[in-house]
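My entries follow the structure.

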Amino acid sequence: MQRSADGWGSGLLGVVIFSGSLPATRVAVGGFSPLFLTSARAVIAAILGAALLWGLRQARPARSDLASLAIVALGVVLGFPLLTALALQHVTSAHSIVFIGLLPLATALFGVLRGGERPRPAFWLFSLLGSGAVAGFALLQSGAGSLAGDLLMLAAILLCGLGYAEGAALSRRLGGWQVISWALVLALPAMLVLALATRPAGVAGVGAPAWLGLAYVSVFSMLVGFVFWYRGLARGGIAGVGQLQLLQPFLGLLLAGLLLGEPVAPSMVVVTGLVVLCVAGAKRFA
């Protein structure tokens, strides 16, 4: 029970940190291209992760773990950051944040496929109810988004769910912060080449908000958040703790409204409220 409580606490802290990711990305793409932002955040986080691994003298992962680390890198280092950055060129961060409500279902599905978990049938009912509320909102709010932006967000969610589940399963052996650090180091060569190839011609026109957005997604979204998130998933269960992501749209909507001044429609608040109510039911039957 103590292990489970610790997992849920760590997972909740990870969700709070991740809630600022999309608003920060929205601000950062105002000064940087999506490709540069994706690669630069990965390079910065990889340097920090490598320093942690070296400073704390962590052993290298086994050869058999490299494939799993590559999946983590594909899902959360490259796929989700790039696809969300591209999507945010078509939709507002408030609109995109609602799609995060689909992450618990995606994470749970991949937790079954990759993590060997078996939630009870009632769990899937609550997870589907929450995800269905989000999907219904997206379909009804066609004027608030775009087909390209919505498809990019859906693809990002699938890759992110895979990366979360794969990383959580691997964290049981390597540890949470070690998994994201090694995944970042594994992706560093490719991300460094991409960052150099897509770097802006000049930085004089890049405002302070864009730099702050880059700093947040590099340090917190790409590294610190995963330290708590993977620990939470590994200790509390991938499917169960993954339902905490249903809180992320609510927190993200607040940030989008307060920090970016973006309009937050009452329907968004209603949908996120319904989604949050599904957390308790899913938690009970996970």
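Predicted model: local features only at pLDDT ≥ 70, side-chain atom pairs only at ≥ 80, totals over all residues.

I then asked which ring pairs with tryptophan 229. Phenylalanine 18 does, in an edge-to-face arrangement with 6.3 Å from centre to centre and 75° between the planes. Phenylalanine 18 lies in helix H1 (residues 2-18) and tryptophan 229 in helix H10 (residues 208-236), so this pair ties together parts that are 211 residues apart in sequence. Phenylalanine 18 is also buried, at 5% relative accessible area. I noted nine aromatic pairs in the structure, and one aromatic cluster made up of Phe18, Tyr164, Phe226, Trp229 and Tyr230.

I turned next to the nonpolar cores. The largest has 63 residues, and the members that touch the most others are Val76, Val77, Tyr164, Leu184, Phe226, Trp229 and Tyr230. Helix H8 (residues 147-174) supplies the largest share of this core, with ten residues. A second, separate core holds twelve residues, including Phe36, Ala85, Leu214 and Val217.

Last, I checked the surface. Where does leucine 259 lie, and is it buried or exposed? Leucine 259 belongs to helix H12 (residues 248-260) and is exposed, because its relative accessibility of 63% is over 50%. With Phe250, Leu254 and Leu258, Leu259 makes a nonpolar surface patch of about 440 Å².

How values were computed:
Residues numbered from 1 in each chain as written. Heavy atoms only, no water. Patch = residues over 30% accessible without salt bridge, like charges linked within 9 Å, V, L, I, M, F, W, Y side chains within 5 Å. Areas by Shrake-Rupley, 256 points an atom, 1.4 Å probe, with all protein chains shown as cover. Salt bridge = Lys/Arg side-chain N within 4 Å of Asp/Glu carboxyl O. Helix = DSSP H or I, 4+ residues; strand = E, 2+ residues; numbered from the N terminus. Buried < 20%, exposed > 50% of the residue type's maximum accessible area, 1.4 Å probe, protein only. Core = buried A, V, L, I, M, F, W, Y, C linked by side-chain atoms within 4.5 Å. Phe/Tyr/Trp six-rings, centres within 6.5 Å; stacked < 30°, edge-to-face > 60°.
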